[in-house]
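Here are my notes after a pass through the model.

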Amino acid sequence: MRGTKHESLLAEVGWDTLAIRRQKHKLIHFWKILNGFVPQYLQDLIPPRVCDIVPYNLRANQNFISIVCKTEKCKKSFLPSTIHLWNELPSNVQASLTLNVYKKELDSHFNRPIKHPHFSHGQRHSAVHLTRLCLDFSQLNHHLFLHHCIDCPTCKCGHYSETTEHYLLHCKLYTTQRSTMLSSLSNITDLQQLNDSSLCSILLRGSTSLSYLQNCNIFDIVHTYIQRTGRFIY
């Protein structure tokens, strides 16, 4: 969505940024070179390790000697930049025995966002509005105000700002719908231990401590709330 932070969008779909994807592809190809999955002439380009030159037992013994570059263009080329990335990897990632294990270790090292399957659950119309609420890009007055579409974020109920949390948990215009939503939600998880921020997070994204089916049920409840309030026109 135009105007939405790309970090938020990537986190929602569980994707890496383009910069991290480029680094991963470099490191994967480098692993293939080290493990003989490429022609010999590429393997011959790899510089020696520290242990091959320095006769001492150093912590960086298994690191490769950095390639000296005189220009920024050379520094950003494949081998110099990838050797720098490789040397920064933890030893357990470097020691991966198979490509699949190595890729999983890279995902963990780069903290790849988790893709939640329940995000795709439910009818598209309600799912779109829920996603817009997560991204602060809905038709709520607070979001419209943030994007300079209106001059005032005030809610129709009189509250000074129609935020996502206000719409879901506090707006007086939707007391009946909210009561039904929270009653249904209480059958899935304990609401007594949750503050407003935590409860709002569960309504928007579910919870990692709950099963896929439970998260789908939560989304069904929230989708029904969105439909019954009639707050969003399209």
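1. How far is the sulfur of C200 from the closest cysteine sulfur? The sulfur of C200 is 8.5 Å from that of C134, its closest, which is too far for a bond; a disulfide here is a pair of cysteine sulfur atoms within 2.5 Å. C200 is also buried, at 8% relative accessible area (buried is under 20%, exposed over 50%, partly exposed in between, using a 1.4 Å probe and protein chains only).

2. Quick caveats before going on. This is a predicted model, so local features need pLDDT of at least 70 and side-chain atom pairs count only at pLDDT 80 or more, while totals for chains, interfaces and linings use all residues. Residues are numbered from 1 along each chain as its sequence is written, and side-chain values use heavy atoms, with hydrogens and water left out.

3. C157 has its closest cysteine sulfur in C155, 3.5 Å away, and that is still too far for a bond. C157 is partly exposed, with 25% relative accessibility. By the distance rule, the disulfide count is 0.

4. On to the rings: the whole structure has 9 aromatic pairs (Phe, Tyr and Trp rings, the six-membered one for Trp, with centres within 6.5 Å; planes under 30 degrees apart are stacked, over 60 edge-to-face, the rest tilted). In the pair F30 and W86, the centres are 5.4 Å apart and the planes sit at 55 degrees, so it's tilted. F30 is in helix α2 (residues 18-34) and W86 in helix α5 (residues 78-87), so this pair ties together parts 56 residues apart in sequence. Both F30 and W86 are buried. Helices here are DSSP runs (H or I, at least four residues), numbered from the N terminus.

5. W31 and Y102 are stacked, 5.7 Å centre to centre with 20 degrees between the planes. With W31 in α2 and Y102 in helix α7 (residues 99-109), the pair ties together parts 71 residues apart in sequence. W31 is buried at 2%, and Y102 is buried at 0%. Ring pairs join F30, W31, F37, F64, W86 and Y102 into a cluster.

6. Last, helix α11 (residues 175-185) against helix α13 (residues 212-229): the angle is about 175 degrees and the axes are 10 Å apart (axes are lines fitted to C-alpha atoms over the stretch in contact, angles running from 0 to 180 degrees between N-to-C directions). α11 and α13 are therefore roughly antiparallel, a label for angles over 145 degrees. The contact residues divide into 6 nonpolar, 4 polar and 2 charged.

Key. Helices (H or I, at least four residues) and strands (E, at least two) are DSSP runs, numbered from the N terminus. Angles under 35 degrees count as roughly parallel, over 145 as roughly antiparallel, 65 to 115 as roughly perpendicular and the rest as oblique. Ala, Val, Leu, Ile, Met, Phe, Trp, Tyr, Cys and Pro count as nonpolar, Asp, Glu, Lys and Arg as charged, and the others, Gly among them, as polar.
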